[in-house]
Amino acid sequence: MKKFRSILCVILVLALAFSLTACSSVLLPIFDNSESGDGGYDSVSRIDTNVKDYDVADDASTVEKVSAIAMTATYELTCEIEYTYKTYSMGFGFSQGGWRTTSASIKSQGTGFVIDEDGYMITNAHVVNVEDSDELNSFSITRRTVYAARADVNEKLECRIVAYNENTDLALLKIVKTSDSDTFNFLPFFNYVERQSAKEGDLVINYGEQVIAVGNANGYGISVTTGVVSAPLRQFASGDGSVTKAIQIDAAINPGNSGGPLCNSFAAVVGVNSFKIVETNTENMAYAIPRYVVTDFLDGLKNGTYDSSTQSSEH
């Protein structure tokens, strides 16, 4: 095994493959202001993979190389939330009934991946929220902290919640820098469109295309599973009339994988791992949020067109 710096030549090959096959990644700086700097993710060759903790041989498989790249930008997330809600008691005997405030706390684990050298990170909204909180009376979060850690690296980084959208199940975080000069490894998005609306020259993802899912499965730490695209687009209608779009894959997705990157063979993100169907007669049906839903979410935050009713009050 050679030190991982040898993969730099592989990155050049990947970048060349992008140009030869008309592949591209999205140019989308996160925020054009002083807080975010001028980071973007327009080129696979900009990923800094020279991290000593990851060694890849020159003759390693595509999955090994993509996994090594993705793991430099993928983090284990831990979210701790304290909250209050009100319950109503009818009273008994001499005790008086009425509304009472109840306190509770939860600790959840998930995955996030960095999309900008300044430390902006994508994850699922449900990773940083209380499940079914809309069913609680007068629900209020009193404290919420999010920490990120990277596989096999002794670090614990605090994250700030920038915004989230519960309808799309997406959240944007930002790693709190310990120094103004801090920069982070990041992953690019693969610039494809829905097959149904594709025009000549547009990129799409295909049935049977190989994908690699990276995530903090069951909270054990970052792990990798691989599979194929079972269906490039599935649409699920909800009771309120909204439609959820998803990529169906057969790669294993487990609790804790939520928010992790789903990468193609170019180490570019095609989706965000989100959920799977668990039924006795169902196997290998997992789903990821498509790239274009994620970049639409980011665009909405940039230009202010997002639905503020589904956004974090911290934004």
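User: What classes of residue make up the lining of the largest cavity?

Analyst: The lining of the largest cavity has six nonpolar, one polar and two charged residues. Here Ala, Val, Leu, Ile, Met, Phe, Trp, Tyr, Cys and Pro count as nonpolar, Asp, Glu, Lys and Arg as charged, and the others, Gly among them, as polar. Keep in mind that this is a predicted model: local features need pLDDT of at least 70, side-chain atom pairs count only at pLDDT 80 or more, and totals for chains, interfaces and linings use all residues. Residues are numbered from 1 along each chain as its sequence is written, and side-chain values use heavy atoms, with hydrogens and water left out.

User: Which residues line the largest cavity?

Analyst: They are Y192, V193, E194, R195, Q196, I205, P232, L233 and Y292. A cavity is a set of points, on a 1 Å grid over the protein atoms alone, where a 1.4 Å probe fits but cannot get out; a pocket is an open set with protein on both sides within 12 Å along at least five of seven lines; lining residues have an atom within 4 Å of a point.

User: What volume does the largest cavity have?

Analyst: About 50 Å³, and the count comes to one cavity of 30 Å³ or more. Grid points are joined across faces, edges and corners, and a volume is the space filled by probe spheres set on the points.

User: And what about the largest pocket, what is its volume?

Analyst: The largest pocket has a volume of about 1200 Å³. Its lining takes in 33 residues, with N165, E166, N167, T168 and D169 nearest the centre. Two or more lining residues come from each of β2, β4 (137–150), β5, β8 (223–237), β9 (243–249), β11 (269–276) and α3. Helices (H or I, at least four residues) and strands (E, at least two) are DSSP runs, numbered from the N terminus. By class, the pocket lining has 14 nonpolar, 11 polar and eight charged residues.

User: Switching topic: in what order do the strands of the barrel run?

Analyst: The closed barrel of six strands runs β1-β2-β3-β6-β5-β4, with antiparallel pairing. Two strands pair if DSSP finds at least two bridges between them.

User: Over how many bridges do β1 and β2 pair?

Analyst: Strand β1 (residues 74–89) and strand β2 (residues 98–114) pair over 16 bridges.

User: What lies between β2 and β3?

Analyst: The two form a hairpin with five residues between them, and G119 in the turn has a positive phi of about 100 degrees. β2 and β3 (residues 120–123) share two antiparallel bridges, and F113 stands opposite I122 in β3.

User: Last one: how confident is the predictor, what is the mean pLDDT of the chain?

Analyst: The mean is 78, and 75% of the residues reach 70 or more; pLDDT is the predictor's confidence in each residue, from 0 to 100. Over residues 1–53, pLDDT stays under 50.

Definitions and conventions: Contact means heavy atoms within 4.5 Å.
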